[in-house]
Each structure stands twice: as structure tokens, then as C-alpha cells.
Amino acid sequence: MTYGLRLTWLSVNGPLPTVVKQITIALLAVAIGRLLGRLLRLQKASNYLGQHARQLIENTKPDDPHRFGNGMNACAILFCASPLGILGAVHDGLPVEAGGMGYFYPLAVKAVMDGLAMLGFVALFGAGGILAALPVFVFQGTITLACSFYAEPFLRSNSLLDSVNAVGGLIICTVGLIIFEIKKVELADYLPSLAVAPLITWLWK
């Protein structure tokens, strides 16, 4: 939650009217993005993948001959389908400041969480759980590289980067609400907000 708030804070800057405009755009993008996410059934797709991984975990026994494959598939699905992993990979490729590094903190937090979860999975799946790190690395690395080499130059040149970072920070904040069971948030449905924010900013110029 801290790193999400920090990302939004760093992205909302300028005189008061500009700040109010940026916050308004971010809130509109989150609202519209959620509607698009629900139409696209993103959270339902994420839940379906999570349930499939859960079935693999529940049906795998220590002496199961398919233990290795089930472990790799279950862990890869859980770690790749997580909205925080996608958000973290996106912002890892989108620096807050020109010429700076990507905002890697959310992805680093996600890596720590995955590492702790992996301790339990290794006991059940053995090497299959550990090797799940390979598809996760490829998946998240591809998103980061695509954002760094293609999205970032376009967003930066058109002064649209701050809007994406501001919205991303707000969405990242909601992860804490889910973890602490304060509120059930359909996080995957908010992912389209990252594309809606620069569009609204472009039209509002």
C-alpha cells in the first residue's frame, strides 16, 4: 500500500489546478476501467485460473507420478495470473522520472510474497514448484520489456506517463485491502484503467 501511494504521489505534481485535474483523471480512469474489466470478465478469468490451480494442489499427493508437472503448472498459474504481478511488471518498465529506473518496488514485494509461498509448495511439489519460476520470469519479463521499449517512449513523448503511474499506484493500494481482508476487491477488473488513463488525458488536453 505504501509503494502504491508513493507512486501516485510522485505522479501527481504541479500547481493545484493541475493536481486536481490529474486526480480527477485517475479516478475517472479507475471507474471506467473497472466497467471495461467487468465486461471483459477479467476477474472471472483470474478466478477460473486460480480454481484450476487449487484443484491441482488439492489433488496432488506426495507419491503422485504427476507431482512434478502439476506443481509446475499450479505455481506458474498462481504467480502469473496474479494482477499484482502484472501491475508490478508494467511499472517495472515505466520509470517515474525521465532517465530513471523503472518503479520496481511493487514487483519486488510480489517476488517476496511468491518466495514465501514457494516454501510451502516445494514441500508438496518438489522441483516442479521451483521450476515454475521460469515461466513466471518469461511472462513478467516480457511485459516489462514491452513497456520499457515501446510504451514508455510513446507515453513520455506525449506527456501521458504520469497518468498511467497515478492510476497504477491507486490500484496497487487496493492489494492491501485484499490481503488484510478489509474489503473484497476484484483487482483484475481494474487493469484496463492503465489504458484508459492516458486516453482520458489525451482527450482532456
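This is a short walk through one protein chain, from its overall build down to a few residues.

Okay, before we start: this is a predicted model, so local features need pLDDT of at least 70 and side-chain atom pairs count only at pLDDT 80 or more, while totals for chains, interfaces and linings use all residues. Residues are numbered from 1 along each chain as its sequence is written, and side-chain values use heavy atoms, with hydrogens and water left out.

Let's begin with the whole chain. What does the secondary structure come to? It's 10 helices and 0 strands, so reading along the sequence you get α-α-α-α-α-α-α-α-α-α. When I say helix, I mean a DSSP run of H or I with at least four residues; a strand would be a run of E with at least two, and the numbering goes from the N terminus.

Now the overall dimensions. The C-alpha atoms fill a box of roughly 65 × 35 × 25 Å along the principal axes.

How much of the chain is buried? Of the 205 residues, 44% count as buried. Buried here means under 20% relative accessible area, exposed means over 50%, and partly exposed is in between, with a 1.4 Å probe and protein chains only. As for the surface, the accessible area comes to about 11,400 Å², and 69% of that belongs to carbon and sulfur atoms. Those areas come from the Shrake-Rupley method with a 1.4 Å probe, and for residues only the protein chains shown count as cover.

Next, contacts, meaning heavy atoms within 4.5 Å. Take the contacts between residues at least 6 apart in sequence: 79% of them join residues at least 24 apart.

A quick word on charge. There are 14 positive and 11 negative side chains, and the centres of the two sets lie 8 Å apart. Lys and Arg count as positive, Asp and Glu as negative, and His and the chain ends are not counted. The place of each charge is NZ of Lys, CZ of Arg, CG of Asp or CD of Glu.

Okay, let's zoom in on helix α4. It has 14 residues and reaches 20 Å from its first C-alpha to its last, close to the 20 Å expected at 1.5 Å a residue. Which residues of α4 are buried? They are N70, G71, A74, C75, A76, I77, F79 and C80. These buried residues pack against α3, α5, α6, α7 and α8.

One of them, N70, has a relative accessible area of 17%, so it counts as buried. Leaving out residues up to four places away in sequence, N70 touches L56, T60, D64 and F125. Let's follow that to L56, which sits in helix α3. L56 is also at 17% relative accessibility, and that's why it counts as buried. With the sequence neighbours up to four places away left out again, L56 touches N70, N73, A74 and F125. For a sense of distance, the C-alpha atoms of L56 and H91 are separated by 31 Å, and the two are 35 residues apart along the chain.

Now over to α9. This helix has 19 residues and reaches 28 Å end to end, C-alpha to C-alpha, close to the 27 Å expected. Is it mostly covered or mostly open? Mostly covered: 14 of its 19 residues are buried. S163 is in this helix, and S163 is buried because its relative accessible area is 11%. Beyond its neighbours within four places in sequence, S163 is in contact with A197, P198 and T201.

Then there are some positive phi values. R41, in the loop between α2 and α3, has phi near 60 degrees, a positive value in a residue other than glycine. S159, in the loop between α8 and α9, has phi near 55 degrees, and at 56% relative accessibility S159 counts as exposed. After α9 comes E181, with a positive phi near 55 degrees.

Last stop: K21, in helix α2. K21 is partly exposed, because its relative accessible area is 31%. K21 and W204 are 183 residues apart in sequence, and their C-alpha atoms are 9.2 Å apart in space.

Conventions. Expected span 1.5 Å × (residues − 1).
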